[in-house]
Amino acid sequence: MEKRVVWKILDSLSQEERLHFLRWLRSELNQTQLYVQKLAAILVDSYPTSLSPEDIWSLLYPGHTYDYARFRKISSDLSGRLEDFVGWLSFRKDDLERKVWTLRFYNSRNQVELFEKHYRKIKRELNRLPFRNATYHRLLYEVETEYQQLQVRISQRTSSEFLENISFALDSWWLHQKLQ
C-alpha cells in the first residue's frame, strides 16, 4: 500500500489534516460513494501502519473475495478526492488569491456590480499590504487584467484604450522578478 498514490498523499498530511479530510469527504460526498468514505476511514484509522490491499478489502467487504480491479477503482476514486482536498487546503491558505479567483468568477458570469465592489475591496487590500514583492505585483497584474477585460466588454471599445494600467502592473511584476 505504501507505493500507492493514496498512501503517499495521506503520508504527507498531518494527523489533524487527515481527520479534517475525513470530515471534508463526508460533507463533500454526503450519502454517495460510501465505499470511498469507508476506505478513507480505514486508511486514516490504521495510519501509520500500512495494511495490505487484501486486508483492507476484507474490512471493506467482509466475506467477499478480493477483487483487484474494484479495489483499484476505489483507490483511484479516493486518490482523486485526496487531490481535491489538498488543492482546497492550498486554496484556503491565501486569502487574496482566493479573492482574485472570486473576481474572475464574477467577471466570467458578467456580474458587473459584484465585480466592481469586489475589485475595489481587493485594490484596498493590496494597497494596505506592507510589502511589494513578486506576489503583490502578480496579484495586481491579475486584478488589473480582469478589470480591463470587464471594461472592454462593457464599453465595446478596443482593448488598446485600457492598456496603461495593465501594462504598468505587468512591467512592475516583471521588473520585480528580474531584480530578485
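Serine 46 is buried in this predicted model, with a relative accessible area of 15%. Since the cut-off for buried is under 20%, serine 46 falls on the buried side of the line because its value is 15%. You'll find serine 46 in helix α3, which covers residues 34–46.

| Residue | Relative accessible area | Class |
|---|---|---|
| Serine 46 | 15% | buried |
| Asparagine 110 | 45% | partly exposed |

Asparagine 110 belongs to the loop between α6 (95–108) and α7. Its backbone is worth a look: phi is positive, about 60°, although asparagine 110 is not a glycine.

Another backbone detail turns up at tyrosine 47 and proline 48, which are joined by a cis peptide bond with omega about 5°. Proline 48 is placed in the loop between α3 and α4 (53–60).

Now for the helix packing. Helix α1 (residues 5–12) packs with helix α5 (residues 68–93) at an angle of about 30°, and their axes are 9 Å apart. Angles under 35 degrees count as roughly parallel, so α1 is roughly parallel to α5. The crossing of α1 past α5 is left-handed. Which residues of α1 and α5 make the contact? On the α1 side they are Val5, Val6, Ile9 and Leu10, while α5 brings in Ser75, Leu78, Ser79, Leu82, Glu83 and Val86. Sorted by class, that gives seven nonpolar residues, two polar and one charged.

How far can you trust all this? The mean pLDDT of the chain is 86, and 93% of its residues reach 70 or more. Among the chain's elements, helix α7 (residues 112–128) has the highest mean pLDDT, 93. Helix α9 (residues 163–179) has the lowest, at 73. Where pLDDT is low, the predicted coordinates should not be read in detail.

Methods: Residues are numbered from 1 along each chain as its sequence is written. This is a predicted model: local features need pLDDT of at least 70, side-chain atom pairs count only at pLDDT 80 or more; totals for chains, interfaces and linings use all residues. Side-chain values use heavy atoms; hydrogens and water are left out. pLDDT is the predictor's confidence in each residue, from 0 to 100. Helices (H or I, at least four residues) and strands (E, at least two) are DSSP runs, numbered from the N terminus. Buried means under 20% relative accessible area, exposed over 50%, partly exposed in between (1.4 Å probe, protein chains only). Axes are lines fitted to C-alpha atoms, for helices over the stretch in contact, and angles run from 0 to 180 degrees between N-to-C directions. Angles under 35 degrees count as roughly parallel, over 145 as roughly antiparallel, 65 to 115 as roughly perpendicular and the rest as oblique. A crossing is left-handed if the near helix is turned anticlockwise from the far one by less than a right angle, and right-handed if clockwise. Contact means heavy atoms within 4.5 Å. Ala, Val, Leu, Ile, Met, Phe, Trp, Tyr, Cys and Pro count as nonpolar, Asp, Glu, Lys and Arg as charged, and the others, Gly among them, as polar.
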